[in-house]
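Here's a quick briefing to read alongside the model. Keep the 3D view open and look up each spot as you go.

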Amino acid sequence: MTDQQQQLDLRKDEVEAGTTTGLASPSVDVTDSRQNSLWSDAWRSLKRNPLFWLGATFGIVFLLIAIAPQVFARGVDPRACDLANSKATPSADHWFGYDVQGCDYLANVVYGARNSLIIGIFAVLVVLLLGVVVGAIAGFYGGFTDGLLSRIADIFYALPLILGALVLLRVGPETSIPILNSRGPGAVALALALFGWMTAMRLVRSQVIAVKSSDYVAAARAMGASDIRILVRHILPNAVAPVLVYTTITIGVLIAAEATLTYLGVGLQRPAISWGLQIEAGQDSIRSAPHLVLFPSLILTMTVMAFVMMGDALRDALDPRQRS
Amino acid sequence: MSTASTSAPAGQARAGSGPVLEVDDLRVQFRTDSGLVNAVNGVSYTVSAGETLAILGESGSGKSVSAQAIMGILDMPPAEITSGRIMFEGRDLLTVSPEEQRKVRGPGISMIFQDALSSLNPVYSVGYQIGEMFRAHRGMSRKDAKKQAVELMDRVRIPAAAQRVNDYPHQFSGGMRQRVMIAMAIALDPRILIADEPTTALDVTVQAQVMDLLKDLQRDTGMGLVLITHDLGVVNEVADNVAVMYAGRIVERGTVDDVFGNPAHPYTEGLMSSIPQVEAKGGRLQPIGGQPPNLANIPSGCPFHPRCPKRRTGADALPGRHCAEDVPPLRLVVPGREAACHYSEEVLGV
């Protein structure tokens with residue numbers, strides 16, 4: 001398509017060489033009346049990408065599991081346990097076997113989806129929001145603003161994710177900050193995001209700095225575009241691709257980090273059910289009952305894969321040069 | 001030729017009035033680690049409606065920097081406009097608020113760049129980018145903006161405009177991309193169009209078409225055209241007046257016929273004799289000796305004197321006209337001709 005069009009152009013150029021009369025046809029026929037936007041073109045390209053549909057299918061399945069776990073647990077109550085079945089291996093009736101307490105493991109993994117997805121997705125959205133906003137402002141305005149915001153990010157970098165979240169979750173319940181004082185998945189997600197946004201910020205910042213000095217930004221400025229328009233319309237669409245890929249991968253990291261917080265006694269606590277809790281508990285008996293780590297890990301991996309596939313497809317769709 | 005409905009009365013009404021753009025004693029410095037770089041040192045020129053002014057100079061002569069200063073796209077810092085006025089329609093663009101400046105850019109003065117591919121945003125279709133001018137400045141709906149974009153693409157003679165309006169910059173050839181840039185630049189019917197080496201990245205046949213297109217558009221709209229170039233051939237073909245720049249100064253100014261026919265400055269003379277001539281085929285070109293000046297350390301006196309074959313630095317120099325000590329002002333040499341050389345009369349042979 002591209003090469004053909006360019007060939008046509010060149011032929012046209014050659015034909016026109018030496019003539020000064022207007023060759024353009026006067027008939028203006030706008031076939032589809034709406035102006036194509038970045039997002040409508042991106043969506044059209046997404047729709048044709050099998051990778052996106054694969055990721056989306058998985059994503060929707062996990063979303064449905066999170067919304068209605070009782071349907072997928074085959075009617076088993078995850079808290080109806082019999083110690084006699086402790087660590088029993090998978091069987092035809094109980095596909096994932098039993099955990100240490102003798103509870104049906106399939107039901108537990110299925111019921112864990114809700115908390116794990118809430119933590120992963122909510123935390124990543126906050127990371128994305130903080131990273132893009134702070135990174136874009138730092139990169140675009142530069143100078144003192146950049147210095148200040150980058151140093152703030154450095155301070156957060158100096159605090160380990162787990163340590164920072166641990167402190168925040170410890171003092172959270174004693175404060176009156178709405179989400180933080182709940183000790184629920186929202187608090188865990190927020191704590192993880194507040195100490196995990198810096199890489200996204202640095203990615204966006206460096207991209208914005210690179211794009212800012214491009215000719216098309218100078219051209220937009222020369223055509224009288226405002227700062228906001230330049231930042232939102234011209235710089236960000238060219239700068240978000242790496243951070244999209246980064247954040248999709250980060251979902252898995254954040255879900256796993258929740259498990260560590262639990263282990264330290266500040267994350268979700270039993271009787272809450274989450275994949276992180278299960279992986280953590282299963283580690284103790286990984287030699288006698290490896291399926292206790294295997295199944296939640298497998299599901300977690302598939303969830304992360306679903307998001308990575310969607311993120312990859314989205315990145316390609318946002319770059320017109322990648323579209324066929 | 002089909003013109004946008006909003007631009008219909010523009011052309012004739014404007015022609016004939018005084019200068020639209022007036023640059024007066026513009027000075028631009030760059031603050032770098034290796035010291036101050038004086039890129040533009042007191043440049044003055046005027047552009048009237050319908051006039052084509054060519055600003056001619058080699059790389060580093062300050063021709064692009066002065067244009068960027070007018071458009072407000074200099075990176076400040078490191079750049080700094082230390083003095084001067086840029087008068088557009090009676091207002092000094094350097095003193096009005098940034099918001100006012102922004103309103104002038106696009107509808108009042110607009111610009112096209114050397115490399116059209118990197119000047120177009122890769123993630124938007126060309127129609128969207130042309131239409132953005134109407135949406136940003138006139139608050140037009142998407143549908144209307146697209147219609148206007150197709151009309152403009154037609155006007156800059158992009159074939160099959162209605163089909164190609166949704167294509168992306170990378171799907172166009174170099175010449176077509178530059179036409180898209182031109183469509184964006186003329187979208188709001190500016191009174192002044194600055195073209196910064198618009199044909200440098202194009203091959204020769206396409207160059208000629210783009211220049212023809214610019215001339216035709218200028219005839220239709222009566223806009224003033226500032227053509228920044230180092231291409232003597234382009235200047236000769238399309239410009240009315242020419243200002244030759246050297247080391248951030250204008251060293252000679254006049255009509256193209258006068259300046260090219262009989263230069264009043266040794267630098268212009270040197271440029272002319274370095275053009276390949278068909279008659280002189282097989283002979284050797286006459287280059288200008290020496291190196292372009294270092295803008296961080298411009299030679300004293302006339303900045304061209306170290307390279308000048310006609311310099312007078314010894315006993316033959318007239319009092320107050322010592323080439324290595326006295327800076328020659330840009331002065332009227334003969335009616336309609338200005339040059340910054342102590343001995344222009346001699347160079348001219350009058």
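In S5(B), Met87(B) has Asp92(B) as its bridge partner. This is a predicted model, so local features need pLDDT of at least 70 and side-chain atom pairs count only at pLDDT 80 or more, while totals for chains, interfaces and linings use all residues. Residues are numbered from 1 along each chain as its sequence is written, and chains are lettered from A and ligands numbered from 1 in the order in which they are written.

**The open sheet**
- That bridge belongs to the pairing of strand S4 (residues 79-88) of chain B with S5(B), which is antiparallel and runs over 2 bridges. (Two strands pair if DSSP finds at least two bridges between them.)
- Zoom out and you get an open sheet of 4 strands in chain B, in the order S2-S1-S4-S5, with antiparallel pairing.
- Strand S2 (35-48) and strand S5 (91-92) of chain B are the edge strands, each pairing on one side only.
- As background, strands of a sheet pair through backbone hydrogen bonds, either parallel or antiparallel.

**Chain B as a whole**
- Chain B has 13 helices and 12 strands. (Both are DSSP runs numbered from the N terminus: helices are H or I with at least four residues, strands are E with at least two.)
- Its C-alpha trace spans about 75 × 50 × 45 Å along the principal axes.
- Of the 350 residues of chain B, 52% count as buried. (Buried means 20 or more other C-beta atoms within 10 Å of a residue's own, exposed means 12 or fewer, and partly exposed is in between; C-beta atoms are placed from the backbone.)

**The nonpolar core**
- The largest nonpolar core has 193 residues, and Leu192(A), Ile194(B) and Val226(B) have the most contacts inside it. (Such a core is a set of buried Ala, Val, Leu, Ile, Met, Phe, Trp, Tyr and Cys residues joined through C-beta atoms within 7 Å.)
- Helix H5 (residues 105-141) of chain A gives the most to this core, with 19 residues.
- Domain 1 (20-239) and domain 2 (249-275 + 284-348) of chain B both give residues to this core, so the core lies between them. (Domain bounds come from an automatic or database domain assignment.)
- Not counting residues up to four places away in sequence, Leu192(A) touches residues including Ala123(A), Leu161(A) and Leu254(A). (Contact means C-beta atoms, placed from the backbone, within 7 Å.)

- The C-alpha centres of domain 1 and domain 2 of chain B lie 30 Å apart.
- In chain B, 16 residues of domain 1 are in contact with 10 residues of domain 2.
- S2(B) gives the largest share of the domain 1 side, 9 residues.

- Asp25(B), in strand S1 (residues 19-32) of chain B, has a phi near 50 degrees, a positive value in a residue other than glycine.
- Asp25(B) counts as exposed because it has 12 C-beta neighbours inside 10 Å.
- Ala247(B) lies in the loop between strand S9 (241-246) and strand S10 (249-255) of chain B, and its phi is near 55 degrees, also positive.
- Ala247(B) counts as buried, with 24 C-beta neighbours inside 10 Å.

How values were computed. Contact = placed C-beta atoms within 7 Å.
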